[in-house]
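Reader: I would like to learn how to read a few features of a protein model. Please take them one at a time.

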Amino acid sequence: MSSGPPLAVPGPLLERADALEHIDALLRRLRDGVPGVLLVTGAAGIGKTALLAHAAARAAGEGVSVLHARASELEHDLAFGVVAQLLPGQTAAPGAQDDLHASLDRRFWQLAERTADGPVLVTVDDAQWADEASLRWLTYTARRLAGLPVLLAATIRTGEDAEHPALDGLVALEEAHTVAPRPLSAWAAATLLEEALGTSPAPAFAEACWEQTGGNPFLLSVLASDLVEAGVTPDAGNVARVRAAAPERVAAWVARRVARLGDDARAVAQAAAATGGGEDLPLVCAIAGIDEARGATAAAALVAAGLLEDAAPMRLRHPLVRAALEASQTAPERVVLHARAAELLAARGAPSGRVATHLVAAGGGRGDAAAVEHLRAAARDAADQGVPEQAVRLLERALAEPPPPHRRPEVLRELGAAALAASDDRAGLLLRDARRATDDPAVRAQLALQVAVADYAAGRHADGVATAREAVQELRDRPELREQWLTLEAFLALLSRYDLATADTAGARIRELAATLEDDDGLGARLVRLRARADAPGTSADEVAALSRERLALLGLEPWSAPVEAIGEGMMLLHAGRVDDVRRLTADLLAEARRRGSPSRHAVALAIRGAAALDTGDLDAAEADFGQAMELWTAGGSLHLARSLVGLWLQTASATGRFAAADALAAEHGLVGAVPEHMIFNPLLHGRGVLRLAQGRTAEGIADLEELGRRHARWSMTRPIPPWRSVLALALDDQGRARALVDEELELARRWGTARTIAQAQRADGLLTGGEAGLRALASAAKLLEDGPWRLDRARARGDLGAALRRAGERRAAREHLVVALDEAHACGAHVLADRLEDELRASGAKPRRRSISGLDALTPSELRVARLAAGGASNREIAQTLFVTMATVETHLSRCYRKLDVTGRGGLADALGDDADGA
């Protein structure tokens, strides 16, 4: 089984024994079910394709399925163009509006399904020219091959003319095997020349050819062919003729060959170059402007001349030949060829993406309305597949066509929306242009909101506020646009919050407006009231919880909302102590992510679930969820989202004692020194400050917490969450300042009204105060947490109470609290706290119990999730798809589960799990 154009099987490969053995070893491993990644790198003409063809021929001969693709410069803007060659017909459903990560994951599993019948070799030639979406898929797939019998092999041209940033992820893979064929030696060059010339060349002649070509196999073959045609005999007397031939100028060689074959051959060759290869003879002939009979004769001559492969569809022998043919054309000739190709493909009913590739190459200036519609359709397809960057490029080309005057505003709007989805800094400018080009008030209102959202995303809050204010003025007195006006007012209030110059007045303004809308049930009015309540000073936990529930109900209805915004609402519910609400939210989000097959939505759910696990003291679960969410976002290119979780992960590390891993993670994400002054990094400052204190790096920890306090003050954030004041107070030598911080947190916590925040502040108060008053405060903190879900906070409070009682000489009472606290610390995975509590217990005269390392309690959260699914009858592949992990990860987790639960296989899991078998 194979797909894509077959690779030509080469003749003898000179001086490639090491490379061939490396390839054969990977193929042997593939037959044994071991996956791999092979990268063949080198300069143009060095023989990369020949090695790839060897791998494909060897694999096919041994019954391995081979999927082929060859990238082309022409198709750089065709979303998933290379993947479509490998997996034909696998595209997003119309209007599916995939995020990129969902597109990557769906196509990965389409490849995985191909392994049901045995191992698969995937070959991609000239990967440096692949479209960005395909390159991301190759990297995404390469990182998830564990457990799948797939060998992914790609050739990559090196050199400045072939650089592609999206290749970096593939090239940087630690597991990739790289083969870099070297130039041929003088001996090998002489051997190749003998085969090509039909006679043994004189040593001096062979050496001159070798020096002239640098040992490049393709250039040697070009030189030999040129010398044969010129009637040059390979003897020492013709060394000067060799040096004059300058075969590195392939363009000259191609031009001479084509010229000798006549006009028809030139037309067919240039048409084949314009299509990028892979088109059939009728289309190439139509582009060339000749009938098929003449075209077939010309094609045969090109095959005989070594310029065209003897295969269907028509392909030029080498990318250097295509480049040479294009270089021989004038710019107007290239424009005409590509324009004709676009017209003919459109007439054939080809997908708009294929038509658009030629329209991009042809450039604008014709004002063809049909061309504009093809480009817009291709852009919509790219956006639906989660590749808005390619949609931007296609729509920019549509503007250059240009579109008819009445269509220009629509194209501008689509371009601005694509740029916004692509996080392109130009989105605001493009949307402003669209707004200026539009007279329709309703459309102008929508664009004003998009402009403000674009400025918000780019951190240009003042610009967004100015645009939103201008639009609000336009809409206020238009009753038919009341909903748009109120929606924009709500977003204006949110945006103004980020600019100190407008924050205070904006809050008062939105509250005044909300008061006039109490009886209005429209969406706009609801958004205004929600925003007014969010900005109201002195909000309690109960009010915030109610607000978050309402916001979650509206999520997806707000024009600016996105799935990731559920994280903020989930965090607010946790701050308000509504853990059960968050668990229901994550269950719903996980179900939705699985229904859509969206890893990025899955990551959102994991981020919220991890935060809930951190709050309730399930540190292993929190670390597992944060780690997987960061991995999913990183693989999908959402690095900024991955960075947003680093601070929470650092909090788990400060309790588990994984200090080195925490430092490495912060360094990996560039979050070691100063961080940007943005609200998204506030959790980082808190997490890093807590970590530094746990590491004994007190000055650094204090600095981070003080910076967090400064930022909270700047934005008038007066909630007691996170408890940075009490953490900072316990690290300070200045007792007066520490006392002031704790007193402030106590007051804020009581106003906030949750047991957890009050207990956290009381614990700090007790530790700071000491004596009888301190014991009362610690006892009160432990009592408040007694019946709640916050196990780690409870373990800390009871442990501190026990330690204080021991110091007061009440050893028996101390041991009672310390034993319970130690058990909870172990259950939480809080090893740093557990170690301290064990020391306290020993000091009290007790002997701490050892922690269980087997049985159900020994399973990690990730292992438990896999075990539950397996016990329910899910296959390894189904588990991997459900949890968005690799099958190798599933196999590893199951092996550990069998060992820890002392069962021999899947059949024993249900009994071993008991009631846990039905857990979420």
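Reader: At what angle do the axes of helix α39 and helix α40 cross, and within what distance do they come?

Author: A word on the source before that: this is a predicted model. In general, two packed helices are described by the angle between their axes and the distance between the axes. Here the axes of α39 (residues 755-769) and α40 (residues 771-784) cross at roughly 160 degrees and come within 8 Å. Angles over 145 degrees count as roughly antiparallel, and α39 is therefore roughly antiparallel to α40.

Reader: Which hand does the crossing of α39 and α40 have?

Author: The crossing in which α39 passes α40 is left-handed.

Reader: Which residues make the contact between α39 and α40?

Author: On the α39 side, they include A755, I758, A759, Q762 and R763. On the α40 side, G771, A773, G774, A777 and L778 are among them.

Reader: Next, aromatic rings. How many aromatic pairs does the structure hold?

Author: As a general idea, a pair of aromatic rings is described by the distance of the centres and the angle of the planes. This structure holds two such pairs. In one of them, F108 and W109 are 5.1 Å apart centre to centre, with 75 degrees between the planes, an edge-to-face arrangement. F108 and Y140 also pair edge-to-face, at 6.4 Å centre to centre and 80 degrees between the planes.

Reader: Where do F108 and Y140 lie, and what does their pair tie together?

Author: F108 belongs to helix α4 (residues 100-114) and Y140 to helix α5 (residues 132-142), so their pair ties together parts that are 32 residues apart in sequence. F108, W109 and Y140 form one aromatic cluster.

Reader: Are F108 and W109 buried or exposed?

Author: F108 and W109 are buried. Y140 is buried as well.

Reader: Which residue lies over the face of Y140?

Author: R144 does, at 4.0 Å from the ring centre. Elsewhere, R107 lies over the face of F80, at 3.9 Å from the ring centre.

Reader: What is the phi of F80?

Author: Phi of F80 is near 55 degrees, a positive value in a residue other than glycine. F80 sits in the loop between β3 (65-70) and α3 (81-86). Buried means under 20% relative accessible area, so F80, at 2%, counts as buried.

Reader: Where is E15, and what is its relative accessible area?

Author: E15 is found in the loop between β1 (2-3) and α1 (17-31). Its phi is near 55 degrees, again a positive value in a residue other than glycine. E15 has a relative accessible area of 37% and is partly exposed.

Reader: Now the peptide bonds. Which kind of peptide bond joins E401 and P402?

Author: E401 and P402 are joined by a cis peptide bond, with omega about -10 degrees. P402 lies in the loop between α19 (388-400) and α20 (408-421). Another cis peptide bond joins I721 and P722, with omega about -5 degrees. P722 is in the loop between α36 (698-714) and α37 (724-729).

Technical notes
Residues are numbered from 1 along each chain as its sequence is written. This is a predicted model: local features need pLDDT of at least 70, side-chain atom pairs count only at pLDDT 80 or more; totals for chains, interfaces and linings use all residues. Side-chain values use heavy atoms; hydrogens and water are left out. Rings of Phe, Tyr and Trp (its six-membered ring) pair if their centres lie within 6.5 Å; planes under 30 degrees apart count as stacked, over 60 as edge-to-face and the rest as tilted. Buried means under 20% relative accessible area, exposed over 50%, partly exposed in between (1.4 Å probe, protein chains only). Helices (H or I, at least four residues) and strands (E, at least two) are DSSP runs, numbered from the N terminus. A charge sits over a ring if NZ of Lys or CZ of Arg is within 6 Å of the ring centre and within 35 degrees of the ring normal. Axes are lines fitted to C-alpha atoms, for helices over the stretch in contact, and angles run from 0 to 180 degrees between N-to-C directions. Angles under 35 degrees count as roughly parallel, over 145 as roughly antiparallel, 65 to 115 as roughly perpendicular and the rest as oblique. A crossing is left-handed if the near helix is turned anticlockwise from the far one by less than a right angle, and right-handed if clockwise. Contact means heavy atoms within 4.5 Å.
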